[in-house]
Amino acid sequence: PALSSYATGNLVENNWLTRFLSDKQGGELNEQDEALAKRILQQSLIGLLKQKTESYRRIGMYLNWELDGEEQLECHANLVHLAG
């Protein structure tokens, strides 16, 4: 009963990610709000902390990072280590 009361009450979040991305905290969401949220997500790079090495590798590929040389490889390894 407590969960169903919460879900139908005023405290439940309604499309919190769309509201956050479109900066619309109250009122009805519309197609423009959804479209804005989708555009923001399409322009985002998302990495997973549990897979930080793979995430950094993919981000590096997307950004055309060239890791040549011991110093650059060490810097990259330090970034991966600090993220965890």
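This is a predicted model: local features need pLDDT of at least 70, side-chain atom pairs count only at pLDDT 80 or more; totals for chains, interfaces and linings use all residues.
Me: Great. How many helices and strands does the protein have?
Reply: There are five helices and zero strands, and the pattern along the sequence reads α-α-α-α-α. Helices (H or I, at least four residues) and strands (E, at least two) are DSSP runs, numbered from the N terminus.

Me: What share of the residues is buried?
Reply: Of the 84 residues, 11% count as buried. Buried means under 20% relative accessible area, exposed over 50%, and partly exposed in between (1.4 Å probe, protein chains only).

Me: And what is the accessible surface of the protein?
Reply: About 7,400 Å², with 55% of that belonging to carbon and sulfur atoms. Areas come from the Shrake-Rupley method with a 1.4 Å probe, and for residues only the protein chains shown count as cover.

Me: Switching to charges: how many salt bridges are there?
Reply: The count comes to four salt bridges. The rule asks for a side-chain nitrogen of Lys or Arg within 4 Å of a carboxyl oxygen of Asp or Glu.

Me: Which residue does K24 pair with?
Reply: K24 forms a salt bridge with D33, and their closest N and O atoms are 3.0 Å apart.

Me: Is D33 buried or exposed?
Reply: D33 counts as buried, because its relative accessibility is 10%.

Me: What about K38, which partner does K38 meet in a salt bridge?
Reply: That's E34, at 3.2 Å from N to O. K38 and E34 are four residues apart in helix α3 (residues 31-42), so about one helical turn separates them. Both side chains belong to partly exposed residues, with K38 at 47% and E34 at 39%.

Me: Now helix α4. Where do R57 and E54 sit in it?
Reply: They lie three residues apart in helix α4 (residues 52-62), about one turn of the helix. Salt bridges that share partners join E54, R57 and R58 into one network. Within it, the closest N and O atoms of R57 and E54 are 2.6 Å apart. R57 is partly exposed at 41%, and E54 is partly exposed at 27%.

Me: What is S55 in contact with, leaving aside neighbours within four places in sequence?
Reply: With G47 and L48, where contact means heavy atoms within 4.5 Å. For the protein overall, residues 24 or more positions apart account for 21% of the contacts with a separation of 6 or more.

Me: Last topic: which residues form the nonpolar patch on the surface?
Reply: L45, Y62, L63, W65, L67 and L73, with about 600 Å² of accessible area together. Patches take residues with over 30% relative accessible area and no salt bridge, joining like charges within 9 Å and nonpolar side chains (Val, Leu, Ile, Met, Phe, Trp, Tyr) within 5 Å.

Me: Where is L73 found?
Reply: In helix α5 (residues 70-83). L73 is partly exposed, at 41% relative accessible area.

Definitions and conventions
Residues are numbered from 1 along each chain as its sequence is written. Side-chain values use heavy atoms; hydrogens and water are left out.
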